[in-house]
Protein chains: 2
Amino acid sequence: MKKLLPIVALFAIAFGAQAQELSNFQRGPRPVISPEIQGDSVTFRLKADYATVVKLSGSWMPNPYGGTIDMTRGEGNVWSVKIPLPSPEIYTYNFVVDGVAVNDPQNVLVQRDGTRYLPMLIVPGERTENYGEAKTHGTVSHPWYDSKILGYSRRLSVYTPYGYENSPKKKYPVLYLLHGAGGDEEAWISMGRAAQILDNLIEKGLAEPMIVVMPNGNPGQQAARTLNIPETQINWRSEEFRDAYVRSLCTEIVPFIEKNFRAVPKPSSRAIAGLSMGGGHTISASNLYPEMFDYICPLSAAGSATPEQVSALKNAGVKLYFLACGNSDFLFQRSEEMDKKLTEAGLDHTYFVSEGGHTWANWRLYLNTFAPLLFK
Amino acid sequence: MKKLLPIVALFAIAFGAQAQELSNFQRGPRPVISPEIQGDSVTFRLKADYATVVKLSGSWMPNPYGGTIDMTRGEGNVWSVKIPLPSPEIYTYNFVVDGVAVNDPQNVLVQRDGTRYLPMLIVPGERTENYGEAKTHGTVSHPWYDSKILGYSRRLSVYTPYGYENSPKKKYPVLYLLHGAGGDEEAWISMGRAAQILDNLIEKGLAEPMIVVMPNGNPGQQAARTLNIPETQINWRSEEFRDAYVRSLCTEIVPFIEKNFRAVPKPSSRAIAGLSMGGGHTISASNLYPEMFDYICPLSAAGSATPEQVSALKNAGVKLYFLACGNSDFLFQRSEEMDKKLTEAGLDHTYFVSEGGHTWANWRLYLNTFAPLLFK
């Protein structure tokens, strides 16, 4: 084990690390710890030898777009700030060193949002108790399905619950869980903590063991962290590609999952949920294929349905319609209209209105709230 | 699709993005493109409104530890530098803004090395032709196995080749592929491009379709991006935990894989390879369990074997012993000694010496070189 340090140092050199990044690996008498939660406060620290001004920016601040707190230079050029602990939730934060956003090199908990990697602060409490690691873990896999509709193979994220491997005869219901604009097939895993939420809910007996399928909802993208297919090659706005992704979801992904996983191939064992653009996809899927899913959950949704489309759902015998939105979401009015339409058509449904806006804090809350209602 | 932009902008605000990060999403008349390869040059660009000095640091530079090139401020505060294209390889790089390392917000290709997320530059050429996306893709999954030896459940990365799902009766050989100090079960996937290399080699018919298992080699760590089990709780250096990870690998992970995947459970269908510390694990595994693996590949390895241990391997009928190291690696002398021991014991082996040192450039090259030799 004594060999560990020189090897790691050489790695860092080989990869072009900057001097300040080596602080990751330094084992001095006073290692930099960040973030450090103590009682009802949290301290952030960053070693920055040459900085003039270091600030902290966090998603809990009233105006995170530019909202910052000054940090103070201390011994060994470790800058720090101690603040009252925000209320229980998962927040993201970064340092701002001489005007430039910098991640916390001490924090292994990182979300990915497109090309941005954001350190997380998980504040413990009732709200977040299902967001940390459970004792038991499902398996997350990334199979690729061939899409004839979109013209190439595409990557999925698939969660199978703890016990799936050890129960080779058991079949499971499936939740199709869709991301929003700017996201990809890893968004619910990374920002949504979907695996942790399902692990915890299933371990506690609160949710049915289920498969969760998280596709990539961008028709021009094969997979997370790959370039989009250039629009010069394919015009996704043309009539040929109208609803192309939703058609691929319902006529290619659903059959792929029901062939390659031990899924119950029935409407009563299929749920669909999605946020924002994915809420729009959820509504489109239920409009186009009203008999496919018995559980429908549009979250902070961009999308709408005609009275005829809602009637078709009612006739199909939908078991749960869970509509959710934050009361300061810019799409709140759309959810209000959807609630009205569902009421007018006499479709029994749940309308879940939470505080706040168009945020992952709300989408995690919604998943944690509706997953226990599925397949029961 | 017109709705995409405002939604994305709101996302960014909700997550506490800094002003400069919004440049990700801006679709002005002159979007920032970085890196941009044109002929035999490559241009890097970064929009940084308030910076005084912006530099580029890359792993191709003679002295990446501090080696930088100045960038020049241009129109709209876009800093840029155009340099001759380095020779074909995967490099990492970052910007240095007023002394602080910053990632390229325009580049979706990112490696993770511990808490560091490093943008990649993939220079096309013969050397890298198997490092990009193939037409066909295997599935990467992350099951967890219960370790009685280490006392908790632990996450694996498992690659199954293209066609695995569609050939439900076919069984496959398995390569156990181990990372080095500072790595985890995602290191070969992220930095090693293992999935891409196997996809390409199998697609071209150069390698046998195989399962590749990448465990986490840190006995105190459950999974990538989680905190280590504190040393105050478990003394990994005690006699009880001597070779604990290698024992867990051979007596827990191998049976787990052969139970839960369609693996051929025979020495002639098992290979083990590892880099640096993982090369040490490879040698330890072959010392402790000489009859388990017919294919043994220590890469830039920290580890050694006694003449008796080498003889035991020879008697077990090892089919391939592939020893590899860079000629300027700080562990090169150890590989030379190992080569000598193998020769003295009369164990037929391949000794592959490459240019360079203890780098992922070499480990990708080794995987691309030995994978076609396995299971034939």
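**First stop: a helix with two sides**

Select α7 in chain B and look at its neighbours: the buried residues of α7(B) pack against α6 (307-316) and β19 (320-326) of chain B. Contact here means C-beta atoms, placed from the backbone, within 7 Å. Helices (H or I, at least four residues) and strands (E, at least two) are DSSP runs, numbered from the N terminus.

A word on the model itself: it is predicted, so local features need pLDDT of at least 70 and side-chain atom pairs count only at pLDDT 80 or more, while totals for chains, interfaces and linings use all residues. Residues are numbered from 1 along each chain as its sequence is written, and chains are lettered from A and ligands numbered from 1 in the order in which they are written.

Now colour Arg334(B), Ser335(B), Met338(B) and Leu342(B), the buried residues of α7(B). They cover an arc of only 95 degrees around the axis, which puts them on the same side of α7(B); the arc is taken from the directions from the helix axis to the C-beta atoms. Buried means that 20 or more other C-beta atoms lie within 10 Å of a residue's own, exposed means 12 or fewer, and partly exposed is in between, with C-beta atoms placed from the backbone.

Turn to the face away from that buried side to find the exposed Gln333(B), Glu337(B), Lys340(B) and Glu344(B). Just after α7(B), click on Gly346(B), which has a positive phi of about 70 degrees.

**Second stop: an enclosed helix**

Move to chain A and select 360-370. This is helix α8, largely enclosed by the rest of the structure because 9 of its 11 residues are buried. Among them are Trp360(A), Trp363(A), Tyr366(A) and Phe370(A).

Still in chain A, select the four strands in the order β1-β2-β6-β5, an open sheet with antiparallel pairing. Strands pair if DSSP finds at least two bridges between them. At the edges are β1 (36-38) and β5 (72-73), each pairing on one side only. Between β2 (41-47) and β6 (78-84) there are 7 bridges; one to click is Phe44(A), whose partner is Val81(A).

**Last stop: where the chains meet**

Select 139-142 in both chains: 3 bridges join β11(A) to β11(B), running antiparallel. Ser141(A) stands opposite Ser141(B). From β11(B), 3 bridges lead on to β14 (157-160) of chain B, also antiparallel, with Thr139(B) opposite Thr160(B).
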